[in-house]
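Have the sequence and the model open.

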Amino acid sequence: MMTLVIGGSCSGKSAYAEGLLEGFSEKFYIATMLAEDEESKDRVERHRLLRSGKNFVTVEQPRRLEEAAEKIRRYSAEGEKCSERQTAGLLECVSNLVANEMFLPTEIRGEKQTAQLVLQGIQVLAQEVQELVVVSNNVFGDGIHYDEDTMAYLRSMALVNERLAERADRIVEVVVGIPVVLKEK
């Protein structure tokens with residue numbers, strides 16, 4: 001099962017997404033942020049503190065989600081075999097992942113190629129867990145026209161979010177900390 005949790009910046013979507021996985025015995029937090037400046041480092045640290053004590057295994061994976069799936073597979077194989085085991089993943093977050101896959105150190109990938117890479121990675125990741133919660137940002141509401149590279153990023157994000165919405169069993173938008181269910185199978 002896949003749940004898409006979407007919302008604006010600092011809307012409470014991360015805390016909500018983490019709460020969806022409380023009952024799972026094996027939980028993986030797939031972190032996509034590249035912490036390169038003080039603001040992003042502070043944000044990473046805040047998220048670590050928020051999920052401390054919640055028994056997540058953190059997988060740092062800013063690009064190439066297929067590698068995160070392989071890490072989860074290896075970790076699960078090393079664990080105790082148990083028919084009762086429930087495995088879940090929380091992908092945090094799609095907007096960072098799209099930016100990381102698009103804006104490489106040596107080139108800028110096209111919007112469709114970026115979206116395809118991200119969606120393929122999420123599909124592979126979803127096959128490794130029983131429940132996948134994907135967190136994404138709603139970055140489309142300001143109505144500002146940006147430079148062409150930023151507009152390409154926004155179009156890629158839109159494509160990824162649309163495809164995830166089609167595939168998701170459940171979609172929840174978090175608005176000022178309040179979850180609003182948009183789709184439920």
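Predicted model: local features only at pLDDT ≥ 70, side-chain atom pairs only at ≥ 80, totals over all residues.

Q: How confident is the predictor in the protein?
A: pLDDT is the predictor's confidence in each residue, from 0 to 100. The protein averages 91, and 96% of the residues score at least 70. Helix α2 (residues 38-51) has the lowest confidence, with a mean of 81. The highest is in α5, at 98.

Q: Why are α3 and α5 called roughly parallel?
A: They pack at an angle of about 10 degrees, with their axes 8 Å apart. Angles under 35 degrees count as roughly parallel, over 145 as roughly antiparallel, 65 to 115 as roughly perpendicular and the rest as oblique. α3 and α5 are therefore roughly parallel to each other. Residues making the contact include L65 and I72 of α3 and L117 and L125 of α5.

Q: What makes residues of the contact of α3 with α5 nonpolar, polar or charged?
A: Ala, Val, Leu, Ile, Met, Phe, Trp, Tyr, Cys and Pro count as nonpolar, Asp, Glu, Lys and Arg as charged, and the others, Gly among them, as polar. By that rule, the contact divides into 9 nonpolar, 2 polar and 1 charged.

Q: Why is β4 said to be largely enclosed by the rest of the structure?
A: Buried means under 20% relative accessible area; exposed means over 50%, and partly exposed is in between (1.4 Å probe, protein chains only). 6 of the 6 residues of β4 are buried, so β4 is largely enclosed. Both faces are covered: T87, G89 and L91 on one side, A88, L90 and E92 on the other.

Q: What makes helix α4 mostly covered?
A: 7 of the 9 residues of α4 (residues 94-102) are buried. Among them are V94, L97 and M102. The buried residues pack against α3, β4, α5, β5 and α6.

Q: How do you know that β4 pairs with β2 and with β5?
A: Two strands pair if DSSP finds at least two bridges between them. β2 and β4 have 6 bridges and run parallel. β4 and β5 have 5, also in the parallel sense. L90 stands opposite Y29, and also opposite V133 in β5.

Q: What makes the pairing of β6 with β7 a hairpin?
A: β6 and β7 pair in the antiparallel sense over 6 bridges. They form a hairpin with 2 residues between them. V176 in the turn has a positive phi of about 45 degrees.

Q: Why do β3 and β7 stand at the edges?
A: The 7 strands form an open sheet in the order β3-β2-β4-β5-β1-β6-β7, with mixed pairing. β3 and β7 each have a single partner strand, so one side of each is left without a neighbour in the sheet.

Notes
Residues numbered from 1 in each chain as written. Heavy atoms only, no water. Helix = DSSP H or I, 4+ residues; strand = E, 2+ residues; numbered from the N terminus. Contact = heavy atoms within 4.5 Å. Axes fitted to C-alpha atoms, helices over the stretch in contact; angles between N-to-C directions.
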